[in-house]
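Please look first at the sequence and the fold below, and keep both in view while reading. The paragraphs after them go through the model part by part.

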Amino acid sequence: MGGELGALLARAGHEVVFSYARSKEKLNRLARDAGGKARAGTPAEAAEGADALLLAVHWLRLDDVLKQAGDLSGKVILTCSLPMNAGNTELVVGRTSSGAEKLAKRLPKGRVVSAFNTVPSEVLFGVFEARRKAHKPSLVYCGDHAGSKRTAAELIRSVGFDPLDAGPLKIARYTEPFALLMGQLAYEGTEGPEVAYRFEWF
C-alpha cells in the first residue's frame, strides 16, 4: 500500500521520500520506479520538513518506525495501517477503539488522519485512468484537526480520488473492520479488487 500510494503522490508532482522497508535496495527500487521527485531515505529524513507523513506499515512494526522517525510534533500523519495480528487473521484492537485512535494517543502532539484503508492496494493501479473519467473513486478519511484534514484531502484529490470526510477520528473504529472486509473480498472474492469501487453502489 505504501509503495503504491508513494508512487501515485510522486507522479502527481509531490516530493516523496520512501523511508521504511525490509532493505535499502527495495527503497531504492520504489523510488526509481515512482519517478518524479521520489527518493529513498530514512524515516527521520522523511519526517524532516515534510508536509505530511504516510504511515503504511504493519502494526507490529509501528514502534520501530516511530522510533526511527523521531519527533513528529505538529506533523500531519496519514495512517492506513490496520491493527492486525502477526498472522493478519484478525484485528487486535476492538470496536471500542481503533488503530488510528491508539496512534493519536501515542503521538499527542501529532495530527493523525486515518485514510486510504478502505481499499486494497491493487485498486490504486488504475487511478490515473479514473482521473480522466467523470466518475472518480471516493476515498474516506477522518480526523479531529481541520487543517490536517485539509492537507489529507488535497493529497487525496491530487492523486485522482474524490476525498470523502467521514468525520472525527473515532469513526475509524467502524471503518477499520469494514476495511478488513473489503480487503478480504478483493483478495478472495471472484470479482477481485473491483469490489472496492463498487461498494458505493450497494
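The model is a predicted one, in which local features need pLDDT of at least 70 and side-chain atom pairs count only at pLDDT 80 or more, while totals for chains, interfaces and linings use all residues. Residues are numbered from 1 along each chain as its sequence is written, and side-chain values use heavy atoms, with hydrogens and water left out.

Five strands form an open sheet with mixed pairing, in the order β3-β4-β5-β6-β7; strands here are DSSP runs of E with at least two residues, helices are runs of H or I with at least four, and both are numbered from the N terminus. Two strands are said to pair if DSSP finds at least two bridges between them. Strands of a sheet pair through backbone hydrogen bonds, in either a parallel or an antiparallel sense. At the edges stand β3 (52–55) and β7, each with a single partner strand, so one side of each is left without a neighbour in the sheet. From one strand to the next the twist averages 30°, where axes are lines fitted to C-alpha atoms (for helices over the stretch in contact) and angles run from 0 to 180 degrees between N-to-C directions. Within the sheet, β5 and β6 pair in the antiparallel sense over three bridges, and Ser-114 has Cys-142, in β6, as its bridge partner. Helix α5 packs on the sheet, where it touches β3, β4 and β5, and its direction makes about 165° with that of β5.

Which residues have the most contacts inside the largest nonpolar core? This core has 28 residues, and those with the most contacts inside it are Phe-18, Ala-38, Leu-78, Phe-116, Tyr-141 and Phe-161. A nonpolar core is a set of buried Ala, Val, Leu, Ile, Met, Phe, Trp, Tyr and Cys residues joined through side-chain atoms within 4.5 Å, and buried means under 20% relative accessible area, with exposed over 50% and partly exposed in between (1.4 Å probe, protein chains only). At least two residues of this core come from each of α1 (2–11), β1 (15–18), α2 (24–34), β4 (76–79), β5 (111–115), β6 (138–143) and α7 (146–158), and α1 gives the most, with five residues. Leaving aside residues up to four places away in sequence, Phe-116 touches Met-1, Leu-5, Leu-54, Leu-78, Cys-80, Leu-139, Val-140 and Ile-156, contact meaning heavy atoms within 4.5 Å. A second, separate core of 20 residues includes Leu-55, Leu-62, Val-65 and Ala-100.

Leu-169 is found in the loop between β7 and α8 and, at 5% relative accessibility, counts as buried. Its contacts, again not counting residues up to four places away in sequence, are with Ala-100, Glu-101, Ala-104, Val-112, Ser-114, Cys-142, Gly-143 and Asp-144.

Asp-63 forms one with Arg-106, the closest N and O atoms being 2.0 Å apart; Asp-63 lies in helix α4 (residues 62–69) and Arg-106 in helix α5 (residues 99–106), so the pair ties together parts that are 43 residues apart in sequence. Arg-106 is partly exposed, with a relative accessible area of 41%. Arg-173 and Glu-101 meet in another salt bridge (2.4 Å, N to O), which links helix α8 (residues 172–188) to helix α5 across 72 residues; Arg-173 is buried at 19% relative accessibility, and Glu-101 is buried at 12%. Lys-149 and Asp-165 also meet in a salt bridge (2.9 Å, N to O), and since Lys-149 lies in helix α7 and Asp-165 in strand β7 (residues 162–165), the pair ties together parts that are 16 residues apart in sequence. Here Lys-149 counts as buried at 12% relative accessibility, whereas Asp-165 is partly exposed at 41%.

Methods
Salt bridge = Lys/Arg side-chain N within 4 Å of Asp/Glu carboxyl O.
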